[in-house]
Amino acid sequence: MSFDLSVFSNKNIILAVTGGIAAYKSAILVRRLKDYGFNVRVVMTHGAQAFITPLTFQALSGNPVHTELLDPEAEAGMGHIELARWADLVLVAPASCDTIAKFAAGLADDLLSTLYLATKAPVWVAPAMNQQMWAAKPTQRNLNTLVEDGVHVIMPEAGSQACGDVGLGRMPEPEDLAEQVKNYFHQAQRAIAEKFGLLAGKRVVITAGPTREAIDPVRYISNHSTGKMGFAIAAACYSAGAKVTLLAGPVSLDTPNGVRRINVSSAIKMLDESMHQLEEGCDVFIATAAVADYRVAEVAEHKIKKAGDELNVSLVKNPDIVATIAQQSKRPFMVGFAAETRNVEEYAAGKLIAKKLDMIACNDVSRADIGFASDQNAMTVFFAEQYQMEKRDLEKASKQEIAQQLVEAIHDALNHKIEPV
Ligand code: C5P
């Protein structure tokens with residue numbers, strides 16, 4: 001089982017907007033929730049419609065807005081019970097004093113209060129009101145009741161208020177609220193992945209991107225690797241419940257959610273950090289980095305000056321990181337990559353043996369449509385002989401999909417190992 005923690009397209013949020021000037025912020029909140037991929041349906045009280053129109057929310061959410069409890073037309077579409085079942089989270093923002101009081105009292109005289117009673121989904125309220133109304137004893141009493149009833153109350157912020165007062169009662173910014181929602185689902189999914197994911201409990205170290213081998217303080221030798229495949233694998237491993245450390249060469253990619261990233265530059269630094277990670281504990285080592293085969297024998301201390309028609313730079317071989325790790329006594333499950341332009345399978349199978357790997361994924365970089373800078377890839381995966389597993393062809397797909405299939409291949413191999421007798 002694996003979970004894509006970056007996309008929430010299967011999660012449904014009901015954003016309930018009640019009467020308060022902060023309702024204008026809820027329009028932006030819909031946008032931010034949609035940006036994260038959530039499905040959003042908006043419920044509005046009559047009070048809310050005095051501040052902002054349903055049409056605004058309909059346009060932003062891409063769904064009809066729900067306003068009435070006793071509307072035959074609305075009930076024929078998605079009535080309050082369906083809405084209550086549809087929701088994975090009900091977020092009331094802004095939550096007025098009146099709505100909070102209704103929730104506390106258990107009234108069911110409009111769509112939102114009825115929905116509140118009818119849903120099994122978690123309910124969050126973000127109160128927004130005048131500071132004196134916030135501090136009023138009945139409001140605090142009602143909020144305590146809501147907390148006792150299991151509602152999550154998002155504390156209002158202090159500051160200047162639309163009414164001219166200064167104090168507690170401002171609704172947090174929409175970006176903050178949307179992030180809290182995202183983090184909630186992220187943590188919930190992570191908890192499931194850590195228990196049931198394909199790589200639950202495994203520590204995975206991944207090398208990614210190119211290495212950079214200095215010639216002098218301003219120049220270097222490198223290659224065109226973008227790191228995309230390694231980063232996609234890091235994200236997939238994390239979604240599968242693993243603890244992931246990504247040893248990244250110089251690339252301009254965002255760190256995947258939940259992944260620990262350590263930036264390295266040269267092959268020597270990448271090897272040092274790999275050895276260090278091995279000492280810290282590693283179950284699976286995935287080498288996607290395009291490590292420079294050679295480095296400059298003697299890096300010039302100062303910038304090399306232009307002189308003569310030729311310049312000779314002497315190179316020495318870099319250590320093979322994946323092969324070095326595979327030779328260690330407490331070696332993890334070793335996954336290598338091979339990018340070839342011909343005899344792809346033959347060379348890859350040779351590398352599997354020569355580098356003492358458990359698994360190798362190879363691709364044909366002579367194909368213009370896949371590989372290095374492309375967002376797509378296609379691979380063939382080979383397993384070491386002792387696994388007695390058939391090779392797997394991973395058809396052309398996005399690097400994310402290929403990464404997911406690689407996680408499955410690693411999981412299958414880890415569970416298929418034939419121990420020598
Ligand atoms: O020998 P070749 O470079 O084709 O091998 C590719 C595989 O070996 C990749 O998994 C790559 O990350 C790894 N490698 C390495 N250290 C090197 C060279 C390659 O870990 N110096």
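1. The loop between E16 and helix H13 (344-354) contains Asn343. Asn343 has phi near 40 degrees, a positive value in a residue other than glycine. Helices (H or I, at least four residues) and strands (E, at least two) are DSSP runs numbered from the N terminus.

2. The model is predicted: local features need pLDDT of at least 70, side-chain atom pairs count only at pLDDT 80 or more, and totals for chains, interfaces and linings use all residues. Residues are numbered from 1 along each chain as its sequence is written, and side-chain values use heavy atoms, with hydrogens and water left out.

3. Pro94 belongs to strand E3 (residues 89-95).

4. Around the ligand stand Ala287, Thr288, Ala289, Val291, Pro319, Asp320, Ile321, Val322, Gly336, Phe337, Lys351 and Lys355, each with a heavy atom within 4 Å of it. By class, this shell holds seven nonpolar, two polar and three charged residues; Ala, Val, Leu, Ile, Met, Phe, Trp, Tyr, Cys and Pro count as nonpolar, Asp, Glu, Lys and Arg as charged, and the others, Gly among them, as polar.

5. A backbone N or O atom of Ala289 is 2.7 Å from a ligand oxygen atom, and one of Pro319 is 2.8 Å from a ligand nitrogen atom. A polar side-chain atom of Lys355 lies 2.9 Å from an oxygen atom of the ligand. The ligand taken alone exposes 440 Å², of which the protein buries 85% (Shrake-Rupley method, 1.4 Å probe).

6. Helix H12 (321-326) and strand E16 (333-340) are the elements giving two or more residues to the ligand shell.

7. The largest pocket has a volume of about 990 Å³, the space filled by probe spheres set on grid points joined across faces, edges and corners. Of its 39 lining residues, Ala289, Ala290, Val291, Phe337 and Ala339 are closest to the centre. On a 1 Å grid over the protein atoms alone, a pocket is an open set of points where a 1.4 Å probe fits, with protein on both sides within 12 Å along at least five of seven lines; lining residues have an atom within 4 Å of a point.

8. E16 gives the largest share of this lining, five residues.

Methods: Polar contact = N/O pair within 3.5 Å; in protein donor to acceptor, adjacent residues only side chain to side chain.
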